[in-house]
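Me: I am new to this one and would like a short walk through it. Could you show it to me?

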Amino acid sequence: MLELYHALVSTCSQKVRLVLTEKKLEWASRLISLDAGEHLSPQYLKINPNGVVPTLVDGGDAVTDSSVINEYLDDVYPAIPVRPGNPKTLAQMRAWRQYIDEVPTPAIRVPSFNAFFVPQWSGMTDRQFFDFTETLPLRKHFFRKMGKTGFGEADMAEALDKLGQTLGRIDAALASGPWLVDGHYSLADASITPTIVRMEDLGLSQMWAELPRVKQWYGRIQARPNFNAAYMPGSRHLGRSRRDASLESCP
Ligand SMILES: N[C@@H](CCC(=O)N[C@@H](CS)C(=O)NCC(=O)O)C(=O)O
């Protein structure tokens, strides 16, 4: 029995849900409320000492980190593969995955956190904010660097530049096929999808307005059956007011 500890609006959780549903695997949903701090509870820290979602539990054993979870799922449940079989193409796919984890995934946190967290923290004193960051095993320093008033212009410009570079790379890859690697939907496409969706939800879709290949690829992504299954109601920011948004929106 597969169990996924996840949060609806968490981009890392969405990445795993896309793969679980693409592979038509049955899984039990264990929703974690980030607002209620369930990801920092002693019970949850036992299965994920980083205090972040998602965590997959398979037969009682925990697997952490969305990229690792997705590779694990393809290793153990290969019936519907999401990775190329050829080692060189597989290396290309992994290079994408690595780039996505290093560049756009951290970059999207900057506009995302500014839009959704900062309003929530405005009522906190500096001491309360400091104490809150002290509880975070993985992101203490990141949150402190951001501060409770959010990232400034230079950080925002850097993040948008990185997201722009990512779109440029996607566009270039799509010159030779409908998907990022080797003409087939793979973990590369699934891994970048939540960032693109979040960009759309943040009103940044004009960044690919002049990139028709990216636009069409995103259309194909949304038309796949795994998309709506993974983005179940409550997973998107569209239509939610900033005031309503909270830690549940953590990317
Ligand atoms: N590298 C981890 C990162 C997971 C992660 O950052 N999860 C976010 C939600 S997308 C989270 O749980 N944040 C809570 C926090 O930082 O306190 C993965 O890909 O699974």
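Reply: One place to begin is strand 4, where Asp61 is the bridge partner of Asp58. Strands here are DSSP runs of E with at least two residues, helices are runs of H or I with at least four residues, and both are numbered from the N terminus.

Me: How are the residues numbered, and what kind of model is this?

Reply: Residues are numbered from 1 along each chain as its sequence is written. The model is predicted: local features need pLDDT of at least 70, side-chain atom pairs count only at pLDDT 80 or more, and totals for chains, interfaces and linings use all residues.

Me: Which strand pairs with strand 4, and in what sense?

Reply: Strand 4 (residues 61-64) pairs with strand 3 in the antiparallel sense, over four bridges. Two strands count as paired if DSSP finds at least two bridges between them. In their hairpin two residues lie between the strands, and Gly59 takes a positive phi near 60 degrees.

Me: What joins strand 3 to strand 1?

Reply: Four bridges join strand 3 (residues 55-58) to strand 1 (residues 2-6), and the two run antiparallel. Tyr5 stands opposite Thr55, and Leu2 stands opposite Asp58.

Me: In what order do the strands lie in the sheet?

Reply: The order is 2-1-3-4, in an open sheet of four strands with mixed pairing. Strand 2 (27-31) and strand 4 stand at the edges with a single partner strand each, so one side of each has no neighbour in the sheet. From one strand to the next, the twist averages 25 degrees.

Me: Which strands does helix 1 touch?

Reply: Helix 1 (residues 11-22) packs on the sheet and touches strand 1, strand 2 and strand 3. Its direction makes about 155 degrees with that of strand 1. Axes are lines fitted to C-alpha atoms, for helices over the stretch in contact, with angles from 0 to 180 degrees between N-to-C directions. Contact requires C-beta atoms, placed from the backbone, within 7 Å.

Me: What share of the contacts is between residues 24 or more positions apart?

Reply: Such residues account for 75% of the contacts with a separation of 6 or more.

Note on methods:
Contact = placed C-beta atoms within 7 Å.
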